[in-house]
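Here's a quick briefing to read with the model open beside you. Take a look at the picture before going on.

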Amino acid sequence: MDPVDLESLNKIKDNVHDFEKKTRSIVGALNKIHATPSDAIPPLLDGVRPMLKDCAESLASIAALIPENEYWRWVTLFTNTLRSAVFAVVLVEYLDSGTLLTQAGTAEVLGIKDEWNTRLILQAEDYLHGLISMVNELSRWAVNAVTLGDFERPIRISIFVKDLFTGFSMLNLKNDLLRRRFDSLKYDIKKIEEVVYDVSLRRLADPKGVASHPEIS
């Protein structure tokens, strides 16, 4: 490898390592939702948002080191971490508003700029991987929310996830890994539906009465 290339590789790796550490910290913080009462979720998110800004700074540092038109040369160094960051961003938005953040909106939160389009971009594939990870997490939350006494939460999660699954079903997923992960969503939906059925059977919550309520109480 050319000495200049080796120097660039080492610099990018150092910044990617920093990005990885920050992303792991965010994912760890968001994992606390499983033991956090609903009324304590907003303060949890307040603590996570500054961490997302730190991630955006790391991505800006990485983008600054990648030469023009060399995105594909370096992308494998940070693809998995970028997907984790996307997961964190879309989960925060869901927890805050009960809505799905778009690909463009996710890129904006992560500070990914249009002018970086030959150096660092948020591909649709990476965005979709992040969405699938969010559904995986929400299926866990549906179960744990009930143990915390939030019996309406699984119903709201079910409505959201089914809508998301419908959107995925309309896509022509050519990537094998993405297709397999999409197929796994059926198990998440089944898991959530079992929780909804249980709380409905025990008359702890009424699905018809929850559907139109705001996501965050």
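What follows is a short tour of some helix packing and of the spaces between atoms.

Keep in mind that this is a predicted model. Two packed helices are described by the angle between their axes and by the distance between those axes.

**H6 against H7**

- Start with helix H6, residues 124-147, and helix H7, residues 153-169, which pack at an angle of about 160° with their axes 9 Å apart.
- An angle over 145° counts as roughly antiparallel, and H6 and H7 are therefore roughly antiparallel to each other.
- Their crossing is left-handed.
- On the H6 side, the contact is made by Leu128, Leu131, Ile132, Met134, Val135, Leu138, Trp141, Ala142, Ala145 and Val146.
- H7 brings Arg153, Pro154, Ile157, Phe160, Val161, Leu164 and Phe168 to that contact.
- Sorted by class, the contact of H6 with H7 has 16 nonpolar residues, 1 charged residue and no polar ones.

**H7 against H8**

- H7 also packs with helix H8, residues 176-201, at an angle of about 155°, and here the axes are 10 Å apart.
- That angle makes H7 roughly antiparallel to H8.
- The crossing of H7 and H8 is left-handed.
- From H7, the residues that meet H8 include Pro154, Ile157, Val161 and Phe168, and these four also belong to the H7 side of the contact with H6.
- The contact of H7 with H8 has 12 nonpolar, 2 polar and 3 charged residues.

**H4 against H6**

- Helix H4, residues 79-97, packs with H6 at an angle of about 55°, with the two axes 8 Å apart.
- That makes H4 oblique to H6.
- The crossing of H4 and H6 is right-handed.
- H4 puts in Thr79, Leu82, Arg83, Val86, Phe87, Val90, Leu91, Tyr94 and Leu95.
- Among the H6 residues in this contact are Leu131, Met134, Leu138 and Trp141, which are also part of the H6 contact with H7.
- By class, the contact of H4 with H6 has 12 nonpolar, 4 polar and 4 charged residues.

**The cavity**

- How many cavities of 30 Å³ or more does a search of the whole structure find? The search finds 1.
- The largest cavity has a volume of about 40 Å³.
- Its lining is made up of Thr36, Pro37, Ser38, Trp141, Ala145, Leu148, Asp150 and Arg153.
- The lining of the largest cavity divides into 4 nonpolar, 2 polar and 2 charged residues.

**The pocket**

- The largest pocket holds about 170 Å³ of space.
- Which residues line the largest pocket? They are Gln103, Ala104, Ala107, Glu108, Ile112, Lys113, Asp114, Asn117, Ile121 and Leu122.
- By class, the lining of the largest pocket has 5 nonpolar, 2 polar and 3 charged residues.

Terms used: Residues numbered from 1 in each chain as written. Predicted model: local features only at pLDDT ≥ 70, side-chain atom pairs only at ≥ 80, totals over all residues. Heavy atoms only, no water. Axes fitted to C-alpha atoms, helices over the stretch in contact; angles between N-to-C directions. Helix = DSSP H or I, 4+ residues; strand = E, 2+ residues; numbered from the N terminus. Parallel < 35°, antiparallel > 145°, perpendicular 65-115°, else oblique. Left-handed = near helix turned anticlockwise from the far one by under 90°. Contact = heavy atoms within 4.5 Å. Nonpolar A, V, L, I, M, F, W, Y, C, P; charged D, E, K, R; others polar. 1 Å grid on protein atoms, 1.4 Å probe; cavity = no way out; pocket = protein on both sides within 12 Å on 5 of 7 lines; lining within 4 Å. Points joined across faces, edges and corners; volume = space filled by probe spheres on them.
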